[in-house]
Amino acid sequence: MYGKGIVKGLLVTAKHFFVSYFDDLKWIGRRYYKPAGLEHRSSKDVKGIFTVQYPEERVAVPEEFRFVPFLVYDVQEDGSHQDRCTSCGICAKVCPPQCIWIEQTSHPETGRPVPEPVEFFIDIDICMNCGYCAEYCPFDAIKMDHDYELASFDRHAKHIFNKERLSKPAEYYAGIRPENFGREEAIRLEKEAKKAAADKAKAEKAAAKADAAAE
Amino acid sequence: MTEETMIASPSVLETRFPDAVKRDERAGYEGFIVEAKKLIEVATALRDEMGYDFLSSVTGVDYIEEDKMEVVYHFYRSTGGRSLVLAVQVPRKKAVVPSLVAVFPGADFQEREAWDLLGIKFEGHPDLRRILMWEGFAGFPLRKDWKEPFYVEDQKPFGNRWPGGEVHRIEDLNQYGKNVVYPKGFDNPQNWKYEEEDILYENLQKLANEGKGEFATDQVVVNLGPQHPSTHGVFRMAVVLDGETIAALKPVMGYLHRNHEKIGERNTYLHNMPFTDRLDYLSSMSNNWGYALAVEKLLGPKGTVTERAEYLRVIMAELTRISNHLWAVGFLLNDLGAFFTPSLYAIQERELILDIFEATAGARMMCNYFRFGGVSRDLPPGVLEKIKGLVNDRLPRKVDELDRYLTENEIVRSRTEGVGVLTPEDAIAYSAVGPVLRASGVPYDIRRADPYGIYDRFDFDVAVRYHGDVYDRYIIRIDEIRQSLRILQQAVKSIPEGSVLDKNPYNVRVPAGESYGRVEGPKGELGYYLVSDGKTNPYRYHVRAPSFINLTALEKMCVGQKVADVVVILGSIDIVLGEVDR
């Protein structure tokens, strides 16, 4: 029968139309502006519309979500900030669009490089959010952010982030990426324990040697 | 003739053409070097006698130190099997190679591209104009001695980023850059003529009036695009209309050109991975895979992929195929005038797939997920369950619904059946790939014809349809989604535990040689041609973009059709301008 295909198609449209109301009724009062409703709307069981009412409600970004990088610092016991970055330059080398600039200095007396950058710039207009800097940093010092609302009124000076603008505490990092943070902390603690054990063994050996020499 | 006799020493080709063909003896190269004079003869013999009827890729390489230009051809059999590589070497100063368009019409755009970017002249090409660069561009950008404006260094990483770190906006340094060259006579725009534009229209008229003699009727030249919502981006079709019928058509492209390949040659091997995301931005996972494959081929045993990563690659690539085809089907209906209801029903499901990409790779579209020897990270907890839910439950249901919704619809059928027909012979000759080729009745799928990854372990059918019209190109995408779901259902069931990436060094060094990695992307054969000279950066990096080469057949499909159908035919090829223009 001519027109059967159209009728079948219209039935599908009608189903979509009614189902969206059924879903609204079933989830009445919970579907919008509630975390559970948001989760339902982005799951495979959703029946009605997917629409998220941004900015009133926001989709929770997954842990691996990556946006413009930031630098991690540890807060010391005395309250001072210790940069994790040692200005080794690996991030600047693996950066595909080359948007990272790092200024390294050397100690005025010894001439050896200081393990903290004097300045650190990222041109976020150029950054392509690939995540290489975070992936290849051996010190877990640069990580990808979750903050995706970076609009500003000035597109020249403000879009080159300096060290001050980029630095965020390790707590913030632990907050946005708990799994990754936990994994890295475990590795770090293990390394530290190993190092401490090695130091201890070394000290004992030295002491034994000294004893032997004294005898 | 079997594969072995082609590679054997001396091969059939060498015995057939003793003084024109010799084996490529350079370390890491595996093809044959052909005398330029005999190229057409050899190519014809390849096509007619040896079954290599599919010219997949044509590209050039500038070997500046040897003062040579090389044109590299990759031939395949449309029945499956490995490639046959031919190379033609000509002096750099007088780079002239006979054109293969008469034997393989699919060489048309690729030869134009090689002329445009490398300055290799193809003698006998019917319409050798620039294709990606703008009409008045001076110079050939992919030549090794050409430097771009704001040129910093030949190779990344650039020295001024570290340890000095003198930050600046490049625009502030020198407004116009250092290396801008203008064509002759450009200083007075009033007198300067867009010659190429005139040639375009002249050629169009010639095509339109072929065989009409003095009885030619009045015709109208119409430009569809570049700014037009139906062209899927910034793309233009210059058309000669005879009443309502298309008499001739030429695609004009390059509005989004950024010289991906030059950037790729400045980049290190690792740097290129996120750039490949931006080619066909709807299916970045497949793009990643093609590039990873090409580099892993060069790396040899060092590039072995871990078992779990192989499964993850298949899962991600097939999910990409589904999301891409949903997009293609949805927007084909848009092109037909069914505004947004079908396309939104389709891309709603795509949303759930993108959520999986975001949770795994960190981004919805620019995934940058593949590494040499594996993938960047494992699936986070809970994501495999999500994928299982999608491929076992939701997506099959939704594909059936889409099928019920559109396939039998009388309006869709009357608009698409018999429109834009491409015969199987033409499809092969024009180097059409992917759904376009398979809708024309050629069951050629690289996953079967020349398996890569672990596709040989899965049970699936190569979707094929036989009419070659827009309707078949629509329905084959639905078929392919179903086959992808079959692969996915097997993959999620049997994925093993283990590491996804054994070693991840940031400075990848690749042995010298050439390689061509190709995958069956959602749009067809996506190939990467790499030449390495043993340094950290590729010496030559070329992308064989499926949507670009599928456009070669656009004219063939459109001539004789009504102007209202051109938009639909273009939609049925499913192009992404990020890949067409590169």
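First, a term. Buried means under 20% relative accessible area, exposed means over 50%, and partly exposed is in between, with a 1.4 Å probe and protein chains only. Now some ground rules. This is a predicted model, where local features need pLDDT of at least 70, side-chain atom pairs count only at pLDDT 80 or more, and totals for chains, interfaces and linings use all residues. Residues are numbered from 1 along each chain as its sequence is written, chains are lettered from A and ligands numbered from 1 in the order in which they are written, and side-chain values use heavy atoms, with hydrogens and water left out.

Salt bridges next. That is a side-chain nitrogen of Lys or Arg within 4 Å of a carboxyl oxygen of Asp or Glu. Over all chains, the count is 67.

Take Arg188(A) and Glu192(A). Their closest N and O atoms are 3.2 Å apart. Both sit in helix H7 of chain A, 4 residues apart, about one turn of the helix. Helices here are DSSP runs of H or I, at least four residues; strands are runs of E, at least two; both are numbered from the N terminus. Is Glu192(A) buried, exposed or partly exposed? Partly exposed, at 44%. Arg188(A) is partly exposed too, at 39%.

Now chain B. Arg92(B) and Asp145(B) form a salt bridge at 3.3 Å. This pair links distant parts of the chain, 53 residues apart. Arg92(B) is buried, at 10%, but Asp145(B) is partly exposed, at 47%.

On to the sheet. It is open, with 3 strands in the order E3-E4-E6 of chain A, paired antiparallel. Strands pair if DSSP finds at least two bridges between them. The edge strands are E3 and E6 of chain A, each pairing on one side only. E4 and E6 of chain A share 2 bridges. In one of them, Asp123(A) partners Ile160(A).

Last, the two chains together. Here 55 residues of chain B contact 50 of chain A, where contact means heavy atoms within 4.5 Å. The buried area is about 4,700 Å², and carbon and sulfur atoms give 55% of that. Buried area is the accessible area, with a 1.4 Å probe, that two parts lose on being put together, summed over both. How many salt bridges run between chain B and chain A? There are 5. Glu135(A) with Arg371(B) forms a salt bridge at 2.6 Å. On the chain B side, H11(B) gives the largest share, 10 residues.
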